[in-house]
Amino acid sequence: MNIKQIEEKYFMRTYKRANLVVKKAKGQFLWDESGKKYLDFFAGISVCNVGHCNDSVLKVTKEQLDSFVHTSNLYYAPSQIKLGEELTKRIFPNGRVFLSNSGAEANECAIKLARKWGFLNSSIDNRNRYEMICFKNSFHGRTLATLSATGQEKFHKFFRPLQEKFVFAEINNIGSVKKLINERTVAVMIEPIQGEGGLILSEKTFLKELRVLCDKNNLLLIFDEIQCGVGRTGKFCAFENYDVKPDIVTLAKSLANGLPLGAVVAAEKCAEAFVYGDHGSTFGGNPVSCAAALEVLNILNSKFLNDSLEVAKYLSSKLEDLKKKYSIIKDVRGLGLMLGIDLTINGSSIVNYCLDNGLIINCIHDTVIRLLPPLIITKNDVDFATKILDEALNYTLVTK
Ligand SMILES: Cc1ncc(COP(=O)(O)O)c(C=O)c1O
């Protein structure tokens, strides 16, 4: 049996894989078994932000592998401790961090932290404040609590009863948030840019109003930056574009550029709520992932981020040109190198055409092409990608 047949026979049917068996990846490129080269405009769902097999990330990772891989969180692993310091200093200098393995786990931790903080900061009788306001179309993960916090029915359908209690407001509609606040509300959780939900951007005024509303009602504001954080929008955290500071930030995906790692960084006011025994993880903050992440932070300096913004601007303008050319493009939107092309038609044939012609992209909600390239792409890469996209759009129209 070949690889595809083995997968078909032995794996639970949770993934719909494209026809690509990866042999090698470097920088912004992948190669398949036959040696065919692909330009990767998806980066493993916004994961390999500093490029596949980045040399300096690989170097420190190998050094850590050679010294030790795992010791548990009962002892001190220097790479982990240094990463915690760096992350916290960058986001909440007086705050604290918890390291996990994945995005869903980071959000689980944030939910638990909010509940504990709510318990400690409650004026109601039985002290339980646990309701969390989330948003329609959001995506926060696949564990039971994070899928309960996800505002999309398709993820809930077969898994009821869901975890209590998550309620859903509309993004960019502050009135819809106000209506949901009651004495049990403890926090508001939002992706500043909804990724899986179809590349929906929060408006600046909305996030500012949200901050004011949370302060007025003694609620925590949690930003899930698992997809939009770690340089993706040209800033280390997407919220820096909005001039609004949350109380808790969750990160994962690109934090260790492909090794599993998640982080919850919390402001002093709520970070202190957790004490010994409240939370933990065997693998969370693995020393190898942390060594890689430390180097990722090193690489993401302001020059690197500004360079990525330059290319992002160029890509956006090329996409706008395509929008003028093709009426099936309703909208081009995004921030930095997190971009969506909203179509009037199903985008799967475009994704397939691109793959056949050496460009990896993705489509969400059937009609939104999502581009999440590594942040190291060049203008030449943009020229190639937009040429293939142009051909794909043309081909789709001709064959429709
Ligand atoms: C915004 C957001 N939150 C949480 C998650 C879950 O992360 P993970 O798949 O690492 O559990 C994702 C994954 O796509 C995400 O995009």
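## Strand E10 and the sheets around it

Leu220, Ile222 and Asp224 point one way from strand E10, Leu221 and Phe223 point the other way, and all are buried. A residue is buried if 20 or more other C-beta atoms lie within 10 Å of its own, exposed if 12 or fewer, and partly exposed in between, with C-beta atoms placed from the backbone. E10 is thus mostly covered, with 5 of its 5 residues buried. Helices (H or I, at least four residues) and strands (E, at least two) are DSSP runs, numbered from the N terminus.

This is a predicted model: local features need pLDDT of at least 70, side-chain atom pairs count only at pLDDT 80 or more, and totals for chains, interfaces and linings use all residues. Residues are numbered from 1 along each chain as its sequence is written.

**Overall build**

The protein chain has 14 helices and 17 strands. Its radius of gyration is 21 Å, close to the 21 Å that the globule rule gives for 400 residues, so the chain is as compact as a globular protein of that length. The radius is taken over C-alpha atoms, and the rule is 2.2 Å times the number of residues to the power 0.38. Along the principal axes, the C-alpha trace spans about 65 × 55 × 45 Å. Buried residues make up 48% of the 400 residues. Among contacts between residues at least 6 apart in sequence, 73% join residues at least 24 apart. Two residues are in contact if their C-beta atoms, placed from the backbone, lie within 7 Å.

**The seven-stranded sheet**

An open sheet of 7 strands has the order E4-E12-E11-E10-E7-E5-E6, with mixed pairing. Strand E4 (96-100) and strand E6 (166-169) stand at the edges with a single partner strand each, so one side of each is left without a neighbour in the sheet. Neighbouring strands are turned by 20° against each other on average, direction ignored. Axes are lines fitted to C-alpha atoms, for helices over the stretch in contact, and angles run from 0 to 180 degrees between N-to-C directions.

Strand E5 (residues 131-135) runs parallel to E6, joined by 4 bridges. In that pair, Ile133 stands opposite Val167. Helix H4 (residues 78-91) touches E4, strand E11 (248-251) and strand E12 (262-266), and its direction makes about 130° with that of E4. Helix H5 touches E4, E5, strand E7 (185-190), strand E10 (220-224), E11 and E12; its direction makes about 25° with that of E12.

Two strands pair if DSSP finds at least two bridges between them. The table lists some of the pairs, with one bridge partner pair for each.

| Strand pair | Sense and bridges | Bridge partners |
|---|---|---|
| E7 and E10 | parallel, 4 bridges | Met189 and Ile222 |
| E10 and E11 | parallel, 3 bridges | Asp224 and Thr250 |
| E2 and E3 | antiparallel, 3 bridges | Phe29 and Leu39 |

**Two hairpins**

E1 and E2 form a hairpin with 2 residues between them, and Gly27 in the turn has a positive phi of about 60°. E2 and E3 form a hairpin with 4 residues between them; there, Gly35 in the turn has a positive phi of about 95°.

**The four-stranded sheet**

A further open sheet has 4 strands in the order E13-E14-E17-E16, with antiparallel pairing. Its edge strands are E13 (329-335) and E16 (362-364), and each pairs on one side only. Neighbouring strands are turned by 25° against each other on average, direction ignored. Strand E14 (residues 338-343) and strand E17 (residues 368-371) run antiparallel and are joined by 4 bridges. Leu339 stands opposite Leu371 in E17. Helix H12 (residues 302-325) packs on the sheet, touching E13 and E14, and its direction makes about 170° with that of E13.

Of the 15 residues around the ligand, Ser102, Gly103, Ala104, Ile226 and Gln227 come nearest. A residue is near a molecule if its C-beta atom, placed from the backbone, lies within 6 Å of it. By class, the shell has 5 nonpolar, 7 polar and 3 charged residues. Ala, Val, Leu, Ile, Met, Phe, Trp, Tyr, Cys and Pro count as nonpolar, Asp, Glu, Lys and Arg as charged, and the others, Gly among them, as polar. Helix H5 (residues 103-120) gives the most to the shell, with 3 residues.

Ala252 lies in the loop between E11 and E12. With 28 C-beta neighbours inside 10 Å, Ala252 counts as buried. Not counting residues up to four places away in sequence, Ala252 touches Ser102, Gly103, Ala106, Ile226, Leu261 and Gly262.
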